[in-house]
Amino acid sequence: MLGGVSVEAAAGGCVHLAGPNGSGKTTLLRVLAGFLEPEQGTITWGGRPINADRDAYHASFSYLAHSDGLKPELTARENLAFEVGLRRQLGATEPDEALSRVGLAAARDHTAAVLSAGQRRRLAMARVMLTAAPLWLLDEPFTNLDSAGVALVSTMIGAQLDRGGAVLMAAHQLPSIPNHSPRRVELGP
Amino acid sequence: MTTTPLVSAATLVYRRDLLLAVRHWGQAAQPLMFFAMVTTLFPLALGPDLGELRQVAGGILWVAALLASLLGVELLFRADHVDGTLEQMMVSGQPLAMLALAKGAAHWTICGLPLVLISPLVAGGLGVPGAALCTLMLSIGLGTGILSALGAIGSALTLGLRRGSVLLSLLVLPLAMPALIFGARAVDMAIHGESARGPLLLLAAMLVLAVTLAPAAVAAALRISAE
């Protein structure tokens, strides 16, 4: 399905996986996240194969999949408290601050089921941001977002790179990232 | 940044599943309703003679509890799989086996514990004497724990399948037979005034074995299903 791919994400670096539908962008991200085993080749993080300590590797990245990974029955704040709380201990005000940052302060007590698709994407990005992981794996982060949302996520990605984090993302169209120019990796059909 | 300790992460999963059950109480109450209905229908079908009902009460209560447990177990991972939260749990950096154990414990609290609590009530209608109620509750408690563990393995294995419920039953029911045999026997012995210590200890041993081995098996099955 996918072969001959070599991708490297350095600290403060952004890789943009591009290519037509079905070219394997999502598959590559799922391989990098450890959901799929590559038939050939290795994936290393910090110089060590990811299989050496899978839980430690998982803790080092935050993954945004096609689905937002939110519980429809839980409120925006509960979703953040649970999913980020699994990874690190959250301060009392952190979820509310993150929700304000993504423009969901007024919807913090709404269940994810009643949020629009764009709002759910913003909430999922708030989760990615709050996780504070050094690596972000983002699958189409701009899907369903309005122009303000696209600008917001671009700024969030820029801030992650400024902190010395790395971002690997699959996107059909990539808006400009403030102060950074992503390295484009084109996957064939 | 402080990493969440394993116990806190497992507690989060447990509390979240209980909260979801409260918000979806109609779905969570299905096994309890099934158990209550089946055990109430038997006296109507077999006749009101408590002496006759007493002879088959252990079997009726246990078969009803077994099938009621199976009803709930199919949904153990499905909703999390569909909305993507299961994937997020898998890459949370916490040991998946421990998170699966927390989900299993929440499932037992939601589906198994209510059966234990209601069993004395429905047992009265089947002529079970008061002296046997403790054994009944203990055996159903141990048995539903075993079924939650076995069911979690089956549920994780059939996660990616569209019509997984039939396969789930075929996978879990044969494994649950020893628990059914010893559980029903324990209740029967208690009804007849004998000591049910032997079968209860065997059930407890089975529960320890299931709870020890199931989390690792569930984690492996979930990783396969996620591919």
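Figure 1. With 9 C-beta neighbours inside 10 Å, Asn179(A) counts as exposed. The model is predicted: local features need pLDDT of at least 70 and side-chain atom pairs count only at pLDDT 80 or more, while totals for chains, interfaces and linings use all residues. Residues are numbered from 1 along each chain as its sequence is written, and chains are lettered from A and ligands numbered from 1 in the order in which they are written. Asn179(A) sits in the loop between β6 (166-170) and β7 (183-186) of chain A; helices (H or I, at least four residues) and strands (E, at least two) are DSSP runs, numbered from the N terminus. Its phi is positive, about 65°, although Asn179(A) is not a glycine. Most residues other than glycine have a negative phi.

Figure 2. Asn144(A) lies in the loop between β5 and α6 of chain A. Asn144(A), not a glycine, has a positive phi of about 70°.

**Figure 3. The two domains of chain A.** Domain 1 covers 1-60 + 134-189 and domain 2 covers 71-133, with bounds from an automatic or database domain assignment. Their centres, taken over C-alpha atoms, are separated by 22 Å. Domain 1 of chain A brings 14 residues to the contact and domain 2 of chain A brings eleven; two residues are in contact if their C-beta atoms, placed from the backbone, lie within 7 Å. On the side of domain 1 of chain A that touches domain 2 of chain A, β5 (135-139) and α6 (147-162) of chain A each give two or more residues. The largest share of that side, four residues, comes from α6(A).

**Figure 4. The largest nonpolar core.** This core, a set of buried Ala, Val, Leu, Ile, Met, Phe, Trp, Tyr and Cys residues joined through C-beta atoms within 7 Å, has 121 residues. Leu61(B), Val187(B) and Leu222(B) touch the most other members. Helix α7 (residues 96-125) of chain B supplies the largest share, 14 residues. Both domain 1 and domain 2 of chain A give residues to this core, so it lies between them. Leaving aside neighbours within four places in sequence, Leu222(B) contacts Phe77(B), Leu86(B), Met90(B), Leu96(B), Ala100(B) and Ala156(B).

Conventions. Buried ≥ 20, exposed ≤ 12 C-beta atoms within 10 Å, placed from the backbone.
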